[in-house]
Amino acid sequence: MPGKLTHLDEEGRSVRSLSGRTSATSLVALVTLLGVAQGVACSGDARDEWQPSADRPRLLGASFVESPEAPLSGTLKVTVDRPASLTIAVVAADASGHRLEIASSRASTEHEIPVIGLRSARSYALTVTAADARGTSSDAVVVQRLTPPLPADFPPLRVVASQPSRSGLTLFPVSRWKGYGVDRWGYVIAVDAAGEVVWYASTRSTVADVQRGARGQIRFMFDERGVAELSPLGKLERALLAEGPRRDPSSVEAGVVPVAVDTIHHDVIELPNGHWLALATESRTITPTQCPTYDKTYEVVGDVVVELDPASGAVLGKVSMFDLLDPCRRVDTAFKSAFWAPVYGAGSADWTHANAVFYDPSRNAVLVSLRHQDWVVAYRYAADAGGPAGSLLYRFGADGDFSLGGDGALFPYHQHAARVLPDGHLSLFDNGNTRPGTDDTNLAMLPASRAVEYELSMSGPRSTWKATQVWQYGAGEVRQVDTSTGKPFDVGYYAPVVGDAVYTPDGTVLITEGALMSPANGFVLDPAVKKSARVVEVERRGEPRVVLDLRVEDPASTGYQSYLVYRATRVPSLLPPGSVTVKVTAP
């Protein structure tokens, strides 16, 4: 026996029915019967006389509430006349066939379902049905949802290649390139397998690493001073901010948790115990007497790995690179960088410039990527039979603890994103700056950036340790123009700053070439040098076939804006764990 299919707008008002009638007098939605209701006699066209059977769940109301902080997302509020679970089919009205299937197994009369994964500027129909403990289903309510267009200042994204069969979402930050200093602009963005934007939030700050936490929160670094967490609907849940070298807690904004460190920068990770490991800095005055390699006295900035209680901001422990390494060892091309001048003053020296921290529980190790040492160092997280907590395990890189083997093997230079893979291999993004035999100022001799993987053998005495390069992706070629001759030629992709290489559950490697420059041999701080980003995903084994190529680049040749992407990561979903399940059934 057919009944009415009622369509509701986002506030739950009835806007259209298949019978052509409209009603705005009730949030009760009478919809197409999925079968003959028990105890209801009918014959012929009885649509106007039909009433739902008391033996079936009834949907009493449904409305959609947009999230102002994450405008493509929102909450579907549903009322049922008895405890019931829900299923929601979300279908775009355009030719894309974009479809999500959402299921909430929690039996309740009041539901608030997060809806995340819709594309911009689309009309969607959300068809809701309820099922009680007996498995008896209700009739359906359809809620209409029109998503907004992307903001006018949204960074330009261009999909060059995409394989829609990939799983999950690609999550990444975008900042404008302003050189050293703070910019009150930034976005955290998620794209689906087709490269379409399905989630975004404005950070109103420069933004570095972005990760999804254990509770489903979206955690990001901002302004080299702090870390913030957003809910999946974009609401600010927590923010920790470094007090700075003057230790003035009163300067920290109200509602923000102060942390007694000079900076919190580049990377923070969540430990199994719920604590955070974060990169911070400290400075020490070092004279030529202490270090004969120094031409004068410097205020030297070195990195500190701190373990934090994220709830209180308390520093629970720390390991300083000054205590782990020899501060007289310098990489002069970057030592005098002005990166930390806004914090420590003009003339401060950027000795280590850490950009990644990683915890390897199976080896009781913490890895730190030190860009300005061209090393990845590892130390003991906790005391064990081999030594005390915080003691050095190894230094990987040129002049470190390993000899190097493998076809075409090269040590990394000015690297980012060091991590240990499940098989024990070391992976990282090798920016390539200062690699011997290259010249940043000569297009014909530019370094090439790459994702690379090494197998480390640490059996026997330290003098016999060996690293074997087992995989790399050198990231194709890009056309450049020799400004002296006007003639084009091809060089490898070169991203002198930021970058990432992360392995996905699909067996691919997601690579972030976060700051490509044009011309590629320009000075990175020169505003006339255009910066853009490329997120590329390749097969890890066999031929490195590209399955995603996403560009963040202003198409203008003059008057352009430069953009930077610190890292990209793959997440299964942005929904809180265990809340609801979502299946994407069409591109």
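A salt bridge is taken here as a side-chain nitrogen of Lys or Arg within 4 Å of a carboxyl oxygen of Asp or Glu. By this rule the count comes to 38 salt bridges in what is a predicted model.

**Salt bridges**
- Arg-122 and Glu-196 pair through their side chains at 2.9 Å, N to O, and because Arg-122 lies in the loop between strand 5 and strand 6 while Glu-196 lies in the loop between strand 10 and strand 11, the pair ties together parts that are 74 residues apart in sequence.
- Arg-122 counts as buried at 14% relative accessibility, whereas Glu-196 is partly exposed at 28%.
- Arg-567 forms a salt bridge with Asp-209, with the closest N and O atoms 3.3 Å apart, and this pair links parts that are 358 residues apart in sequence.
- Arg-567 also meets Asp-267 in a salt bridge at 3.4 Å, N to O; Asp-267 lies in strand 17 and Arg-567 in the loop between strand 37 and strand 38, so parts 300 residues apart in sequence are tied together.
- Asp-267 is buried at 3% relative accessibility, and Arg-567 is buried at 4%.

**Nonpolar cores**
- The largest nonpolar core has 45 residues, and those with the most contacts inside it include Leu-126 and Trp-199; strand 4 gives the largest share, eight residues.
- A second, separate core has 27 residues, among them Phe-335 and Tyr-379.

**Second largest pocket**
- This pocket has a volume of about 640 Å³, and of its 27 lining residues the closest to the centre include Gln-211 and Arg-419.
- Its lining comprises 17 nonpolar, three polar and seven charged residues.

How values were computed: Residues numbered from 1 in each chain as written. Predicted model: local features only at pLDDT ≥ 70, side-chain atom pairs only at ≥ 80, totals over all residues. Heavy atoms only, no water. 1 Å grid on protein atoms, 1.4 Å probe; cavity = no way out; pocket = protein on both sides within 12 Å on 5 of 7 lines; lining within 4 Å. Points joined across faces, edges and corners; volume = space filled by probe spheres on them. Nonpolar A, V, L, I, M, F, W, Y, C, P; charged D, E, K, R; others polar. Core = buried A, V, L, I, M, F, W, Y, C linked by side-chain atoms within 4.5 Å. Buried < 20%, exposed > 50% of the residue type's maximum accessible area, 1.4 Å probe, protein only. Helix = DSSP H or I, 4+ residues; strand = E, 2+ residues; numbered from the N terminus.
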